[in-house]
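Please keep the sequence and the model in view while reading the points.

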Amino acid sequence: MTDLHIHILPGVDDGSPNLSTSLEMAEIAAKSGVRILAVTPHANQTGIEGVEDGYVNYDSEQLLELFYRLEQEIRKEHIPISLVRGMEIMSIGPLNEKIKERKLIPLHESRYYLIEVPFDMAPDGIRRRLMEFPAMGKIPVLAHPERYYAVQDMPELAAGWGRSGLLLQLDKGSLFGRMGERAARCARTLLNMRCIHVIASDAHGPAERTASLYRTQEYVALRYSYEYAQLLLEVNPRAILLNQPVLQPALEGI
């Protein structure tokens with residue numbers, strides 16, 4: 001499996017606090033069958049109400065050095081995991097120049113950008129932020145749509161965004177109630193509607209919100225089909241990292 005969303009880079013956000021924790025997370029992912037991790041620290045979290053300072057994390061030599069050190073330690077520990085770079089970008093304020101200047105980077109040098117918006121953003125605001133990316137020749141992958149209040153109230157909003165060519169990434173923890181009952185109901189509804197393109201761990205540690213995807217694969221395979229699980233946990237995530245088109249579950253009849 002391939003995990004496109006994990007906060008495993010040590011000491012840069014609210015995910016792993018240190019290298020030993022990061023290695024533990026990588027080991028958990030590998031044991032669950034994950035072979036590729038997209039390292040996605042929070043970025044561009046500026047000016048958000050209730051988040052003091054936030055996590056700016058514009059791309060830098062420091063972030064690159066942390067990535068290479070983590071990669072080296074994973075190899076040293078013989079953990080069968082490969083890392084690629086990315087960010088979870090808070091889509092607030094002007095992004096065009098920051099992307100041109102490579103302060104904000106895509107998933108593995110592709111045209112796909114993992115983004116999030118404030119949880120209480122209105123539907124029109126979310127759509128406007130999403131549509132900024134096609135205007136730049138990029139494709140947004142919206143992280144955890146099931147956690148946004150507007151989508152919880154109207155899941156058909158996300159279905160419409162998905163049908164229009166924008167991509168949706170579900171958090172595996174939402175399926176199991178880790179993000180509250182409303183997020184759990186919304187996650188299952190979106191899966192039933194076949195509008196989700198990717199499931200990822202959004203892991204933040206080794207004890208809660210972990211990097212294991214085995215139970216998620218089993219959940220989707222048993223309730224829907226093995227093919228649907230493969231599409232969301234391997235086929236589409238790999239296509240994104242290879243900068244290739246993703247498959248639409250509803251259109252593929254999966």
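The points below concern a strand, its pairing partners and the nonpolar cores.

1. The model is predicted, and the remarks that follow should be read with this in mind.

2. Strand S8 covers residues 167–171. Because 5 of its 5 residues are buried, S8 is largely enclosed by the rest of the structure.

3. In a regular strand, side chains alternate between the two faces of the sheet. In S8, both faces are covered: Leu167, Gln169 and Asp171 are buried on one side, and Leu168 and Leu170 are buried on the other.

4. S8 pairs with strand S7, residues 139–143, in the parallel sense, over 3 bridges. Within this pairing, Leu167 of S8 has Val141 opposite it.

5. S8 is also joined to strand S9, residues 198–200, by 3 bridges, and these two strands run parallel. Here Gln169 has Val198 of S9 as its bridge partner.

6. Which residues touch the most other members of the largest nonpolar core? They are Ile81, Ile126, Leu191 and Ile199, in a core of 63 residues. Helix H1, residues 19–31, supplies the largest share of this core, with 6 residues.

7. Leaving aside residues up to four places away in sequence, Ile126 touches Val117, Met121, Leu142, Tyr148, Ala150 and Trp161.

Methods:
Residues numbered from 1 in each chain as written. Predicted model: local features only at pLDDT ≥ 70, side-chain atom pairs only at ≥ 80, totals over all residues. Heavy atoms only, no water. Buried < 20%, exposed > 50% of the residue type's maximum accessible area, 1.4 Å probe, protein only. Helix = DSSP H or I, 4+ residues; strand = E, 2+ residues; numbered from the N terminus. Pairing = 2+ DSSP bridges. Core = buried A, V, L, I, M, F, W, Y, C linked by side-chain atoms within 4.5 Å. Contact = heavy atoms within 4.5 Å.
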